[in-house]
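Please open the model in a viewer and keep the sequence at hand.

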Amino acid sequence: MQILVDADACPKVIKDILFRAAERRQIQLTLVANKLLYCPPSKVIRAMQVPAGFDVADNRIAELVEADDLVITADIPLAAEVIARGGHALNPRGEFYTRDTIQERLTMRNFMDGLRGSGVDTGGPPALSQGDRQAFANQLDRFLAKHAASVAKKG
């Protein structure tokens with residue numbers, strides 16, 4: 001299991017939580033972005049720079065993800081692709097995308113995209129709150145603990 005991060009738009013505070021978790025659990029963490037990113041010196045943390053372009057980082061993550069990997073993204077189409085490939089997708093606000101919720105999320109995203117395309121100002125997401133950060137850290141910790149227990153059980 002590895003953690004892949006759609007890092008271009010991932011907030012720094014979320015990356016910091018991920019850095020600590022990857023080190024603590026010794027899980028491979030890869031930040032994928034089309035710009036050069038800071039990455040702390042580590043055996044398990046790396047940054048991967050991809051060429052600039054629409055969805056290039058998302059496409060690279062979709063190529064890399066395997067069953068049971070965790071992808072951190074707020075991009076709903078990428079989350080849908082991750083789920084289709086048997087991976088798990090968690091957004092920076094601590095919300096897991098699931099097979100049960102992803103289609104509804106895609107429909108709403110496409111509707112809002114259509115509104116924006118027709119000139120309607122739909123606003124953006126609210127700023128990441130302390131509660132969002134805590135929710136993310138809690139969900140990540142629960143996921144990693146469950147994964148560790150699963151690996152231990154397999155022996």
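Begin by selecting Tyr38, which counts as exposed because its relative accessibility is 58%, above the 50% cut-off. The model is a predicted one.

A search of the whole structure finds two aromatic pairs. Phe19 and Tyr38 form an edge-to-face pair, because their ring centres are 6.4 Å apart and their planes stand at 75°. Phe19 belongs to helix α1 and Tyr38 to the loop between β2 and β3, so the pair ties together parts that are 19 residues apart in sequence.

Now select Phe96 and Phe143, which form a tilted aromatic pair with 5.8 Å from centre to centre and 35° between the planes. Phe96 lies in strand β6 (residues 96-97) and Phe143 in helix α5, so distant parts of the chain, 47 residues apart, are linked by this pair. Phe96 is partly exposed, with a relative accessible area of 22%, whereas Phe143 is buried at 12% relative accessibility.

Remain on helix α5 (residues 130-154) and select Gln139. Is Gln139 buried or partly exposed? Its relative accessibility of 22% makes Gln139 partly exposed. Leaving aside neighbours within four places in sequence, Gln139 is in contact with Leu90, Gly94 and Phe96. A polar atom of the Gln139 side chain lies 3.4 Å from the backbone oxygen of Gly94. A C-alpha to C-alpha distance drawn from Gln139 to Glu95 gives 7.7 Å, although the two are 44 residues apart in sequence.

From β1 the chain crosses through helix α1 (residues 12-25) to β2, in a right-handed β-α-β crossover.

Finish at helix α2 (residues 56-64), where the buried residues are Ala57, Asp58, Ile61, Ala62 and Leu64. Viewed down the axis of α2, these residues fall within an arc of 165°, so they line one face of the helix. Among the elements covering them are β1 (3-6), β2 (29-33), β3 (45-49), β4 (70-72) and α3 (76-84).

Notes. Residues numbered from 1 in each chain as written. Predicted model: local features only at pLDDT ≥ 70, side-chain atom pairs only at ≥ 80, totals over all residues. Heavy atoms only, no water. Buried < 20%, exposed > 50% of the residue type's maximum accessible area, 1.4 Å probe, protein only. Helix = DSSP H or I, 4+ residues; strand = E, 2+ residues; numbered from the N terminus. Arc of directions from axis to C-beta. Contact = heavy atoms within 4.5 Å. Right-handed = clockwise from strand over helix to strand, strands pointing away. Polar contact = N/O pair within 3.5 Å; in protein donor to acceptor, adjacent residues only side chain to side chain. Phe/Tyr/Trp six-rings, centres within 6.5 Å; stacked < 30°, edge-to-face > 60°.
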